[in-house]
Amino acid sequence: MRLALREAKKGVGRTSPNPAVGAVLVKAGRVISRGHHRKAGLPHAEVEAIRRAGARARGADLYTTLEPCGHYGRTPPCAQAILEAGLKRVIYASQDPNPIVNGRGIAHLRRAGVPVISGVLREEANRINRPYFKHVQTGLPWVILKAAITLDGKIATASGDSRWVTGQEARAYVHRLRDQVDAVLVGANTARIDDPQLTTRLRHATGRNAIRIVLDTRLRLLPRLRIFQSRASARTIVATLEPRDAAKSRRLVRRGVEVWTLSGRAGRLNLLELLRRLGREGVLQVLVEGGAEVYGSFLTERLADELVVFIAPKLIGSDGLSWTGALQGNRMGNAVGLEDVAIGSEGDDAMIRGLLANRRWRG
């Protein structure tokens with residue numbers, strides 16, 4: 001099953017709106033084939049492993065990270081492929097919460113006399129597909145906040161200078177994160193001051209560019225910004241309130257940028273409405289990369305699920321820009337905590353990653 005989990009991780013960020021699944025076929029104590037789901041519409045992991053094994057699949061045990069499906073979708077049901085291949089036994093980790101899948105494939109296999117074992121390394125498998133599980137149950141994508149801060153909690157100097165808070169290793173990790181998510185989101189100030197491309201650049205590998213989203217309530221950003229110039233490399237969306245100047249919207253559209261008009265209050269966009277719309281488009285994961293006002297809004301509205309913070313061994317001082325924006329907590333008991341915390345390092349920078357304890361969806 002650990003080999004199957006390793007296979008599943010190969011599909012993270014590639015399979016939306018489907019889950020990332022890995023499968024391994026074992027016969028006489030030896031692994032005879034492996035497979036993972038590569039993309040929605042392509043064969044599922046179980047089918048890929050069966051095809052690779054060919055005639056050797058007959059009499060083998062199947063280890064898969066998610067229960068096999070039993071319905072016709074864009075691909076035929078995996079349960080039927082398992083029966084046709086003559087597999088001896090099926091061992092799976094996670095149960096699929098999707099009501100058109102949940103238990104149906106397993107029931108089909110058991111009716112046909114195939115022994116099925118469930119729950120092997122369930123927690124590890126569930127961790128891989130948290131975004132899929134949330135999307136199935138709520139229609140919303142999994143939201144990761146990523147921040148690079150100094151030891152005294154600042155993301156920029158008083159002048160707005162933020163290049164670079166962290167070192168090359170931490171920045172390379174962020175590109176690996178971008179490669180695994182469906183969308184990257186920033187606020188208008190971050191887009192204006194940092195002028196990022198928000199593309200994925202991996203050393204010695206080809207990265208996948210996620211959808212780029214900019215929150216610009218009044219369409220004040222200039223079209224010359226790099227995020228609008230490199231539209232061929234990634235889909236770009238500007239989320240705004242009702243544009244006062246329709247000409248600005250038309251200029252962006254002519255550049256290939258999508259302009260989404262959302263509701264709002266007190267000059268702020270309705271972030272939940274934005275997430276729902278992204279969810280309807282099959283977006284499973286959103287990486288929020290700033291700035292402070294955006295971080296504060298996601299934290300205050302409890303819309304973020306996970307936090308990745310890089311802490312650089314630097315001090316800026318009290319005039320620097322704090323990263324949590326308008327988040328307020330007048331008592332330590334009201335502080336937003338983290339769960340399932342992992343602490344590590346990337347180069348000289350510390351990294352803390354964990355689930356936000358105040359997130360709306362608990363799974």
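**Briefing: sheet, helices and cores**

Strands β9 and β10 (residues 236-240) pair in the parallel sense over 4 bridges; two strands count as paired if DSSP finds at least two bridges between them. Strands (E, at least two residues) and helices (H or I, at least four) are DSSP runs, numbered from the N terminus. This is a predicted model: local features need pLDDT of at least 70, side-chain atom pairs count only at pLDDT 80 or more, and totals for chains, interfaces and linings use all residues. Residues are numbered from 1 along each chain as its sequence is written, and side-chain values use heavy atoms, with hydrogens and water left out.

**The sheet**
- Nine strands form an open sheet with mixed pairing, in the order β11-β10-β9-β8-β14-β6-β15-β18-β17.
- β11 (258-261) and β17 (338-346) stand at the edges with a single partner strand each, so one side of each has no neighbour in the sheet.
- From one strand to the next, the twist averages 20°. Axes are lines fitted to C-alpha atoms, for helices over the stretch in contact, and angles run from 0 to 180 degrees between N-to-C directions.
- β6 (residues 142-150) pairs with β15 (residues 306-312) in the parallel sense over 7 bridges. Ala 147 has Val 309 of β15 as its bridge partner.

**Around β9**
- In strand β9 (residues 211-215), 5 of the 5 residues are buried, so the strand is largely enclosed by the rest of the structure. Buried means under 20% relative accessible area, exposed over 50%, partly exposed in between (1.4 Å probe, protein chains only).
- Ile 211, Ile 213 and Leu 215 point one way from β9, while Arg 212 and Val 214 point the other way.
- Arg 212 stands opposite Thr 236 in β10. Val 184 stands opposite Arg 212 as well.
- β8 and β9 pair in the parallel sense over 5 bridges.

**Helices**
- Helix α7 (residues 168-180) lies across β6, β8 (183-187), β14 (285-288), β15, β17 and β18 (349-356). Its angle to β15 is about 165°.
- In helix α12 (residues 292-300), 7 of the 9 residues are buried, so the helix is largely enclosed by the rest of the structure.
- Arg 302 follows α12 and has a positive phi, near 60°.

**Cores**
- The largest nonpolar core has 59 residues; Leu 25, Leu 87 and Phe 228 touch the most other members. Such a core is a set of buried Ala, Val, Leu, Ile, Met, Phe, Trp, Tyr and Cys residues joined through side-chain atoms within 4.5 Å.

Definitions and conventions
Contact = heavy atoms within 4.5 Å.
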